Amino acid sequence: MKTEHQLHIKYNVFNSLTDLPEKAQNLMKQAITTREKAYAPYSKFKVGAAVLLKNGQTFIGSNQENAAYPSGLCAERVAIYQASTQYPDEEIEMIAISGSAQDPTAHPVSPCGACRQSLSEYETKQKKLIPVYFMGAEGEIVQTESIKDLLPFLFDGSLM
């Protein structure tokens with residue numbers, strides 16, 4: 001017997017950086033600045049991420065490519081792993097991501113699958129939703145209330 005289900009994902013769209021709440025706006029500005037520091041000589045696709053902890057500390061990351069693909073690392077994982085290394089028990093308040101190709105894109109750039117899975121580990125660990133804001137080089141910003149909105153059938157430790 002087959003049972004059909006539907007999946008609904010709630011998200012918000014902000015028209016510009018100035019429309020974001022102040023904390024999110026400041027965090028996104030850090031992601032944008034960090035994006036320009038990315039090491040992306042192969043893909044030419046630069047990504048910056050910023051993670052805000054409950055204690056007010058911010059950690060940034062940019063994608064780091066390597067000729068021996070896939071030895072590089074995405075911006076989101078660089079930032080969140082730094083945060084977890086420095087403050088392993090501190091709650092993550094929100095994450096901001098900005099990405100763009102050589103020709104700046106206004107299309108919001110969401111985390112890749114590996115980053116979604118990695119970020120979900122921290123949301124599961126802290127048992128509290130982590131809002132994710134993401135954008136291209138300019139234009140609209142998408143905000144989800146949870147990483148689970150980006151990865152609804154996530155794999156987590158409860159399955160082990």
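A: Contact here means heavy atoms within 4.5 Å. By that rule, residues 24 or more positions apart account for 66% of the protein's contacts with a separation of 6 or more. The model is predicted: local features need pLDDT of at least 70, side-chain atom pairs count only at pLDDT 80 or more, and totals for chains, interfaces and linings use all residues. Numbering starts from 1 along each chain as its sequence is written, and side-chain values use heavy atoms, with hydrogens and water left out.

The protein has three helices and six strands. Both are DSSP runs numbered from the N terminus: helices are H or I with at least four residues, strands are E with at least two. Their order along the sequence is β-α-β-β-α-β-α-β-β. The radius of gyration, taken over C-alpha atoms, is compared with a globule rule of 2.2 Å times the number of residues to the power 0.38. For 160 residues a compact globule would be near 15 Å, so the protein's 16 Å agrees. Buried residues make up 44% of the 160. The cut-offs are under 20% relative accessible area for buried, over 50% for exposed, and partly exposed in between (1.4 Å probe, protein chains only).

Take Ile97. Beyond four places in sequence, its contacts include Val47, Gly48 and Ala49, and also Val132, Tyr133, Phe134 and Met135.

Ala79 sits in helix H2. It counts as buried because its relative accessible area is 0%. Outside four places in sequence, Ala79 contacts Ala49, Val51, Phe59, Ile60 and Gly61. Thr58 is 21 residues from Ala79 in sequence, and their C-alpha atoms are 8.9 Å apart.

A salt bridge needs a side-chain nitrogen of Lys or Arg within 4 Å of a carboxyl oxygen of Asp or Glu. The count comes to three. One joins Lys23 and Glu93 at 2.7 Å, N to O. This pair links distant parts of the chain, with Lys23 in helix H1 (residues 22-35) and Glu93 in strand E4, 70 residues apart. Glu93 has 18% relative accessibility, so it counts as buried. Lys23 has 48%, so it counts as partly exposed.

Another bridge joins Lys128 and Glu91, with the closest N and O atoms 2.9 Å apart. Lys128 lies in the loop between H3 and E5, Glu91 in the loop between H2 and E4, 37 residues apart. Both are partly exposed: Lys128 has a relative accessible area of 40%, Glu91 24%.
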